Amino acid sequence: MSFRINPVKLAQLAIILTAICLLPGCIKEKLLVKLKEDGSGNIVITRTYSKGVTDMMNIQMKKMKEQFARSGQPMPESMNVNPLFNEKMFEAEASKFGQGIKYVKSKKLKTTSGFGCVILYSFDDINKVKIPVKIMPTPGNMNTDNITFSLAKGKGDNKLTLSLPEFKLNKELAAAMKQKPKSGTPIDQKSTAQIQQMKAMGNPFNISDNDTQEVLMGKMLNGLAISIEVETPGTLIKSNAKLQSSKKKNRFTVLDIDFTEMCKSPGFTHELVKAGKQAQAGSPQAMTGIMLSCPTGVKIDGQSKITVEYK
């Protein structure tokens, strides 16, 4: 009697692998736009994943391969790919950075905490580049703001202008997040389903059935970090950028968000849980407002336009 692979079980494993890539606390991402003298340049993305998530992914991949081996059927090439390092996916994502963006290459990184990679894209004209900004995607909030660029070249001096999405600080929210909530929010049915899903994937965040929604949120966000930087060539003349690199005078930070540090604000996760409910009710902007107003872990230039003059 021949063994046939269970399509339902296979689908479940595929869903789990996809979910691993979407776990919020599994990734640290640094994006650098590096401009060259002729207006071309590169986008360099460095991603690192936690050891727990890497181990979890390896376990699920092993289960999938074992199912195909028992069935005697060849594993489809599309499924025999590390979901954390998928070069076809990297290539397909080039278009989200603007017109004429090309995928160049990528390489794996071995880190002390787990697995990582560096992805390199190239562009011929900085004026056609856009950098999507999505602090935290939520159901019903799939729109993405973009950072765009305009380069005016002179005979000796050049001026790069960055146009940024509107980043508003809510002072009332910032004050509320400095206060510890009186009590936590009990786990609801949706969160219970998330807990069971995480446990099925090896429970990388050490989630307990007794966790409140705030504790659950804090565990899942721990380790998540996002940063966007821009570097110009030549010699810096002047700039209105507020977050200049201490290592390179011609490198500037647009935003730097560290969720581990954000979770140190006593009321951050409590306000985030409240904002999540508002997002489900049709007000997704509440979630982004929480992100940008947190008194810890957030560095944002905050201007509508950043100008950099160089020669």
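1. A search of the whole structure, a predicted model, finds 4 aromatic pairs (rings of Phe, Tyr and Trp, the last by its six-membered ring, with centres within 6.5 Å; planes under 30 degrees apart are stacked, over 60 edge-to-face, the rest tilted). Tyr103 belongs to strand β3 (residues 102–110) and Tyr121 to strand β4 (residues 114–123), so the pair ties together parts that are 18 residues apart in sequence. Strands are DSSP E runs of at least two residues and helices H or I runs of at least four, numbered from the N terminus.

2. Tyr103 and Tyr121 are both buried (under 20% relative accessible area, with a 1.4 Å probe and protein chains only). Together with Phe97 they form one aromatic cluster.

3. You will also find an open sheet of 5 strands, antiparallel in pairing, ordered β5-β6-β7-β12-β9. Pairing requires at least two DSSP bridges between two strands. At the edges stand β5 (130–133) and β9 (236–239), each with a single partner strand, so one side of each lacks a neighbour in the sheet.

4. β9 pairs with strand β12 (residues 305–310) in the antiparallel sense over 3 bridges; Ser239 has Val308 in β12 as its bridge partner.

5. Helix α6 (residues 213–221) has Gln213, Glu214, Leu216, Gly218, Met220 and Leu221 as its buried residues. Just after α6, Gly223 adopts a positive phi of about 100°.

6. On conventions, residues are numbered from 1 along each chain as its sequence is written, and side-chain values use heavy atoms, leaving out hydrogens and water. Local features need pLDDT of at least 70 and side-chain atom pairs 80 or more, whereas totals for chains, interfaces and linings use all residues.

Terms used
Buried means under 20% relative accessible area, exposed over 50%, partly exposed in between (1.4 Å probe, protein chains only).
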